[in-house]
Protein chains: 2
Amino acid sequence: MNIAILGFGTVGTGVYKIINQANRQTQNLHVKHILIRKNKKPDLPEMTDDIDAILNDKDVDVVVEVLGGIEPAHQYIIAALKHKKHVITANKAVIAQYMAEFTKVSKENGVKFYFESSVGGGIPWIQGLERALRIDDVNKIQGIFNGTSNFILDQMHRTGEPFNDVLMQAQQLGYAEADPSADIDGIDVANKLCISVDIAYDLFIKPDGELPIFGIRNITEDDMAHFDQLGMTVKLMGISHQVGNAFDYVVEPTLYYGDALEAHTTDNYNLISLHGKTIGVLKFMGQGAGQLPTANAVIQDILDIFQNKEHLKREFKSTFKYRSDLTKNNYIVRTEIDCSQLFKRFEPVVRGDYLVVHNVPVGEMHRLMKRVLQKDETAFMASLPEKREGAAK
Amino acid sequence: MNIAILGFGTVGTGVYKIINQANRQTQNLHVKHILIRKNKKPDLPEMTDDIDAILNDKDVDVVVEVLGGIEPAHQYIIAALKHKKHVITANKAVIAQYMAEFTKVSKENGVKFYFESSVGGGIPWIQGLERALRIDDVNKIQGIFNGTSNFILDQMHRTGEPFNDVLMQAQQLGYAEADPSADIDGIDVANKLCISVDIAYDLFIKPDGELPIFGIRNITEDDMAHFDQLGMTVKLMGISHQVGNAFDYVVEPTLYYGDALEAHTTDNYNLISLHGKTIGVLKFMGQGAGQLPTANAVIQDILDIFQNKEHLKREFKSTFKYRSDLTKNNYIVRTEIDCSQLFKRFEPVVRGDYLVVHNVPVGEMHRLMKRVLQKDETAFMASLPEKREGAAK
């Protein structure tokens, strides 16, 4: 199989590396082209800056898009599919925006559009989810989907250092971008949650719609110490529930007791779970990012195409409706303003510097916090665990 | 596809239940026969006690063997394969004994022999392992493979109750058999570890060979309290390492610090991990037993056959050799006899009622403990974690 890699950053380089190690089932894979930026000097004979030469090369079977960002990734993916090339991408932002279009165009052209590496990096999450869906409806998804924010929270938890110091370390280690917003404001989690929800409910929903998102930008070392005193650990989660014909989804800081696996998912690891009627709970833990784990997932998709292993078909014809009040949580809130009035319907209880509110519909909580943030841009909140599951430490 | 289920116990009933719920991709599956014991009264029209009628029915595509035990399961599986029927089994004992023969006979007859449900119940472990092996060599496997022993250890840890009381609870809950030996003496873990190792190293090794096994029969509530004081949790693990051309494998009680996911795998859950060169660590957690999760895994195999999704091919031609000294661990030992002489090469240090020994080759440790058990049949041991990984609680 001849492969063209669009983009030669971290993941693209990783794909090239793994394919060029002679091992097991990758010996039939051959990288024919690597697309680099216009006017960049090619270091390898496979490199070119001519996308049309790649698209028009009839020997190219698979295009691996690892450019990142929305454009030109979107237009290259569509063009490659229309040139009857299978497309594999690790680019969660472009998939979350254009999943329906990519699915439609790939079907029309009789080629595959696969994206295992886009969610959970090396974790076989998309595959595990699609497999579960062969038998069960999946009625809960919850995940630590973003390694950078998990690294930051874990590091703050271990060291007691302030957010900004730890963010800087993450940037120095190459875990966080110069503009860290996608990671710390929950946008990356939103993309990955939406991709997962699209598959789970066979429904196309863009992450810029009604999805409530609250990131970790405002968390302080004092918040961390307080949660620690409560015997809880905070994680940035993407969560979705389905009940009957309704679903909800949310990205928010979530507290776990020490008996939850989430509380012990350290460093930049991801942990993603599903719940199905017959399978019960399944949890997948591994490297959610990084060159070789992500490249491994890209190559798994290539091998699925090579071995003719079809992924789950998507129709996007489900009639599920989003309900912002499907789930009610207790929340802990830190703000300098007095908002007991704002939350008065939700049994607000002051606990030191924090306010605990009860049984708040998730959508309503995020609407109220937007109002709090307008007056106090340093405010923070996290959802509380429903009850202690078991008693082991 | 027409299916015959051999045996109608917990798992067989579960397979029948799930297939007869009209859902998603199981609508093409049809249970045509159910084999029940000779002279047992049939409750369902599909039931028969005539194995030959099933074998000679040309409409039967898949035989699901869920009888358990070695014979007649072994002879029925071989007969079904020779009658050109795909075979799926959840029976780890018979697979661990006859993996090579089943693989050979299935190849000769152009049919599949799949066994996802035999290890990890509903966890997609075999599939996850085979998938990882498409790209990586897997150089470490470690798992909480047995839900019953995990339930017992977790319950002792939570409640402080003695082993025998908790074992009786497990028996009352239906988690443990009247003869609990397979679960508490590590035999079930040995079977599942051997099946995993067979696949990982493409090597057939029976569990009754050189595999060192130490179970949890001798653990006391005082041992539990002591481990708790040390900040550690004990789990019955199956572990294998591979280095170059050598591998080892062991079943033994293993201590974990509180930052390990293993320490937080509660109740009767399983947690199975692999390590590969490019993928890094992957962990899979879920229901390792139980009617519907196990039946779900059986049906996943049926769907793989129906959708023509081939599993990894096994040749069993690897030249890996077992080395009993490949891994060296520190161990904590409890015995009433003075064995500082026996362990004198391994820096024995007395700590209260316990002896800690250092850097002991795993095979040697198990040989020495056999000698200890001859004099003190209540002795217990567990391997100690190498070092504290990270500092989070």
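Q: What should I know about the model and its numbering?
A: The model is predicted, so local features need pLDDT of at least 70, side-chain atom pairs count only at pLDDT 80 or more, and totals for chains, interfaces and linings use all residues. Residues are numbered from 1 along each chain as its sequence is written, chains are lettered from A and ligands numbered from 1 in the order in which they are written, and side-chain values use heavy atoms, with hydrogens and water left out.

Q: How many bridges join strand E10 of chain B to E11(B)?
A: Helices (H or I, at least four residues) and strands (E, at least two) are DSSP runs numbered from the N terminus, and two strands pair if DSSP finds at least two bridges between them. Here E10(B), residues 269-276, runs antiparallel to E11(B) with eight bridges. One of the bridge pairs is B:Tyr269 with B:Gln287, and a hairpin of three residues connects the two strands.

Q: Which strand of chain A pairs with E11(B)?
A: Strand E11 of chain A, residues 280-287, pairs with E11(B) in the antiparallel sense over five bridges. There, A:Phe284 has B:Phe284 as its bridge partner.

Q: Is E11(B) mostly covered or uncovered?
A: Buried means under 20% relative accessible area, exposed over 50%, and partly exposed in between (1.4 Å probe, protein chains only). In E11(B), residues 280-287, seven of the eight residues are buried.

Q: Which way do the residues of strand E16 of chain A point?
A: A:Phe380 and A:Ala382 point one way, A:Met381 and A:Ser383 the other, and all are buried. E16(A) pairs with strand E13 (residues 328-334) of chain A, antiparallel over four bridges, and A:Met381 is the bridge partner of A:Val333.

Q: Which helices each supply at least two residues of the lining of the largest cavity?
A: Helix H11 (291-306) of chain A and helix H5 (125-133) of chain B do. The lining includes A:Asn296, A:Gln300, B:Gly128 and B:Arg131.

Q: Which helices do this for the second largest cavity?
A: Helix H5 (125-133) of chain A and helix H11 (291-306) of chain B each supply at least two lining residues. Among the lining residues are A:Arg131 and B:Gln300, and the space is about 70 Å³.

Note on methods:
1 Å grid on protein atoms, 1.4 Å probe; cavity = no way out; pocket = protein on both sides within 12 Å on 5 of 7 lines; lining within 4 Å. Points joined across faces, edges and corners; volume = space filled by probe spheres on them.
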